[in-house]
Structures are given as C-alpha cells and as structure tokens.
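Hi,

Here is the model I said I'd pass on.

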Amino acid sequence: MSAVHRTVLPVRWSDQDLNRHVNNARVVTLIEEARLSAVAAWLGEDGVPDPARPRVVVSLSLDYLRPIDHGPELTAHVWVAGLGRSSYTVAYELRQHGRAAARARTVLVQTDPATGRSVPLPEGVRSVLAGLVVPDPDPEERAGAAPEPERGPEPSPESAPAREPAPAPDPVTARA
C-alpha cells in the first residue's frame, strides 16, 4: 500500500460553470471523492463511513491554482499529513494537464455519536494511519511531476507589504 494514494476523478459536464471550468463548489465534492477512495484503500472496512463511529470533517482549506476543465483526466494525489489523538489531516493535490490545479487539506475528527464530542481514534485505525504519515513532499516528489512555474522576483523590503503574523494554532487540531 502506497502512502500517497492516486485516483482518477470523473469530471462531469454538469460540474462546469459559466466560465466553462469546474465550479469551485464542485471541487470540494471532487476532494471528498478522492478522500473516500483513499481512506477505503488505506483502512478497508474501517474506512467505510459508519454512523456508529463517525469521523467528521472539522476543517477544510483549499487553494485553487488554475482552472479545472471538463474532459482531460483529473488525478488526485492524497496522503495523511498529520495524526493526532482523535484526528488526522489529509492533504490533496488535484492534477490536470500535468500540473497542480488545486491543493487542499482536511482535518477529520473521530466523534462519539451520542455526544458529538471528539474521542480517540480506534487503535487499529490510528496504527494504520501512523504508518502512512508523509511530510508534505515537494511538488516534484508527489507524482514525479514537472516543477511549478517560477515566480517573478521578490519585492524589495521597501516595497513589500507588511506581513501579517502567523495565525494561531487551530484549537481542534491542537487538542487532537
């Protein structure tokens, strides 16, 4: 079993918007489909959604890097980027035309169905996921992909806008 799960995602005609590329909300659905495929491959029966032992998405971040088109193959690369007591972080890269089109992260938390509160991940699930954690690889390492295009020169310190402080840690992830 590979730590980076790869799956081809179907891009439906109805996923397009008026700009003739995949609508931003539909990209979230594609990410969900990629996660379900990966978790089933990694965890087998323990990866099948089950209301008796729910794992819920508590955080989603998504960067749209370029439009996703209907037609050309869209491949998802999915990996476990972090593991906590009751949560794990899944990272994604959607690739089309040989380049990254979107990158995302979700944090999933194991919950008690009666209370809705977080509980520790089952030991078997935690053990499998622990063996799959991959630090975020360079784009070239993710799929033997071509490097991202180079960016322009960095602005000089005098012309650069002031940087905001780093955000505080996510309380859900910090507890997990």
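**The surface patch, to begin with**

Strand β2 gives the largest share of the nonpolar patch, 3 residues. (Strands here are DSSP runs of E of at least two residues, helices are runs of H or I of at least four, and both are numbered from the N terminus.) The patch is made up of V28, V57, L60 and Y64, which together have about 320 Å² of accessible area on the surface. For patches, residues need over 30% relative accessible area and no salt bridge; nonpolar side chains (Val, Leu, Ile, Met, Phe, Trp, Tyr) are joined within 5 Å, and like charges within 9 Å. Areas are Shrake-Rupley with a 1.4 Å probe, and for residues only the protein chains shown count as cover. L60 sits in strand β2 and is partly exposed, at 41% relative accessible area. The cut-offs: buried is under 20%, exposed is over 50%, and partly exposed is in between (1.4 Å probe, protein chains only).

**Before you read on**

This is a predicted model, where local features need pLDDT of at least 70 and side-chain atom pairs count only at pLDDT 80 or more, while totals for chains, interfaces and linings use all residues. Residues are numbered from 1 along each chain as its sequence is written, and side-chain values use heavy atoms, with hydrogens and water left out.

The chain averages a pLDDT (the predictor's confidence in each residue, from 0 to 100) of 80, and 76% of the residues score at least 70. Over residues 142-176 the pLDDT is below 50, and that stretch has 32 contacts in the model beyond near neighbours in sequence. A contact means heavy atoms within 4.5 Å.

**Helix α1**

Which residues of α1 are buried? They are V27, L30, I31, A34, R35, A38, V39, W42 and L43. An α-helix has 3.6 residues a turn, so residues three or four places apart point the same way. The buried residues of α1 pack against β1 (5-9), β2 (55-64), β3 (74-83), β4 (87-96), β5 (99-110) and α2 (123-130). Just after α1, G44 takes a positive phi of about 60°.

N19 and P67 are 48 residues apart in sequence but 9.5 Å apart in space, C-alpha to C-alpha.

**Salt bridges**

There are 3 salt bridges in the structure, each being a side-chain nitrogen of Lys or Arg within 4 Å of a carboxyl oxygen of Asp or Glu.

- D50 and R53 pair at 3.3 Å, N to O. D50 is partly exposed at 28%, as is R53 at 23%.
- R95 pairs with E93, the closest N and O atoms being 2.8 Å apart. R95 is buried at 7% relative accessibility, and E93 is buried at 0%.
- R103 pairs with E93 too, with closest N and O atoms 2.6 Å apart. R103 lies in strand β5 and E93 in strand β4, so this pair ties together parts 10 residues apart in sequence. R103 is partly exposed at 22%.

Through shared partners, E93, R95 and R103 are joined into one network.

Cheers
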